[in-house]
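Please open the model in a viewer and keep the selection panel at hand.

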Amino acid sequence: MVAAAGVTVLFIPLLALLLDAPWARLADLLLTPETVTAIRVSLVVSLSATVASVVIGVPTAFVLARHEFPGKSLVRTVVTVPLVLPPVVTGVALLSGFGRRGLLGSAFGVGLSNTTVGAVLAATLVAMPFLILSVEGALRSADPRLEQQAASLGAGPLARWWQISLPLARPAIVAGAVLAWARAMGEFGATITFAGNIEGVSRTLPLDVSIALLGDPDRALALSLLMLTIALGVLVALRDRWVPRR
Amino acid sequence: MTLSVTATAGKAVEGIDGRGFTLEVAFEVGADATVAVVGPNGAGKSTLINVLAGFLPIDEGSIRFDGQTLDDAPGGAFIPAEGRPVALVPQDGLLFPHLSVLANVAYGLRHRHRHLKRQERNERARAALDDVALGAFADRRPHELSGGQAQRVAVARALALDAPILLLDEPLSSIDVDNRQLIRKLLQERRPPGQIQLLVTHGPDHALEADELLVLDQGRLVARGRPADLAARPPTPWLAQLLA
């Protein structure tokens, strides 16, 4: 009973979104210049953040899974804290670090606030933990004796990493990257705090929704529908990873 | 081509019963010898394999082969697994699950025999698979093989390297009776000149075929000698039972 009521409550807003959506004008609304620009910014920012997450996150996950070193728990905390931190706090922290008047900004005279690079940085910070947790988990459950065996067959540390560990972790890397991308697509709080809400620069789809909601609610609904579709697509793509097919 | 081992190792390894465990052995093995290492569970057989393969550095002593120092605890010299003249058949095959059977066998050739062209590598790997009667499985994935078949592939993968030292950790444990004879024969016939074979086994017939038996118990070498001599006057009750 409780479950049925709970599911209904969760379902109502999604159903309402579908009922409310301006289906007849959908194509027009999604093709307005503002929307197209927001889609472009969103894709650039989220894909860049995904690439950055993979490039930084995969080696980080390897180090966390395989090596013991002083300060390891600190590193793990730092890279995963954005998962539980309110995104706006991440944004404020980014301002303090990389803003024009921030720690590095005032030292080098450049700031990343209100730039596309800043938006990528914000999205990377909130998205990367998903990738790191996914890859680290896979590496921990992998059999370390396979790497030993590769060593015994003459493969050096780099060859073992590239030819054995990395391919074995590939499903987790792909799943983690898709999750990270989805999280980056939806990022709002850290982006608006650090990178602002500038059309063509940092106004991603979620930020554009907040703007549209004030003046053109139909456009907001159309954008929301678009993001719902993307989210469902991600879930379908990853379903087999969480719910093994019988 | 003598392998000489004087080693204390495994201080950091937890014994099978959770208590501390130390392997402390000293022996020499000459060229062309087949040595069978036997002993009850927890005797240190796997630790010895790990030490010789280069997976576990020794705490004291040294391991030398053919004038080369593989591990020298006081001197600090340590050649890691990838640099040792050693091939290993692990207990449960340990094939790489993402590579085909052929690529598994060719993997060692790719790293240990770098001068070989890809085609030569694959030809040698195919021949090694034919030797273990699995030529037809070259394009399969490891998960499509039975445990015994995987173990035979592991034998092919190690033999293909023609390594001066071949370590075998219970290489026949999952192989069916019909193929055991094939593998045992192959290990004798396919060995390159001078190869030392060090074999951990629980099978009395395989142990009796060896040139020499090393009997381990609780990390110590408690007896060594020709199998026939040890069978005639078993120095420990455990060995008497094994060879009975």
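Two residues are in contact when their C-beta atoms, placed from the backbone, lie within 7 Å. Helices (H or I, at least four residues) and strands (E, at least two) are DSSP runs numbered from the N terminus. The model is predicted: local features need pLDDT of at least 70, side-chain atom pairs count only at pLDDT 80 or more, and totals for chains, interfaces and linings use all residues. Residues are numbered from 1 along each chain as its sequence is written, while chains are lettered from A and ligands numbered from 1 in the order in which they are written.

**First stop: a helix pair in chain A**

Select A:Leu146, A:Glu147, A:Ala150 and A:Ala151 in α8(A); these residues meet A:Arg160, A:Ile164 and A:Ser165 in α9(A). By class, this contact has four nonpolar, one polar and two charged residues; Ala, Val, Leu, Ile, Met, Phe, Trp, Tyr, Cys and Pro count as nonpolar, Asp, Glu, Lys and Arg as charged, and the others, Gly among them, as polar.

Now display the whole of α8 (residues 144-152) and α9 (residues 157-168) of chain A, whose axes come within 10 Å and cross at roughly 135°. Axes are lines fitted to C-alpha atoms, for helices over the stretch in contact, and angles run from 0 to 180 degrees between N-to-C directions.

**Second stop: where the chains meet**

Next, show both chains: the contact takes 15 residues from chain B and 14 residues from chain A. On the chain B side, β7 (86-89) and α2 (101-112) each supply at least two residues. The most comes from α2(B), with four residues. The chain B side divides into ten nonpolar, three polar and two charged residues.

**Third stop: the nonpolar cores**

A nonpolar core is a set of buried Ala, Val, Leu, Ile, Met, Phe, Trp, Tyr and Cys residues joined through C-beta atoms within 7 Å. A residue is buried if 20 or more other C-beta atoms lie within 10 Å of its own, exposed if 12 or fewer, and partly exposed in between.

Select B:Val105, B:Leu129 and B:Leu167, which touch the most other members of the largest core, a set of 78 residues. Helix α4 (residues 147-159) of chain B gives the most to this core, with seven residues. A second, separate core of 49 residues includes A:Ala122, A:Leu179, A:Ala190 and A:Ala222.

**Last stop: A:Ala220**

Finally, select A:Ala220 in helix α13 (residues 217-242) of chain A. Is A:Ala220 buried or partly exposed? A:Ala220 is partly exposed, because 18 other C-beta atoms lie within 10 Å.
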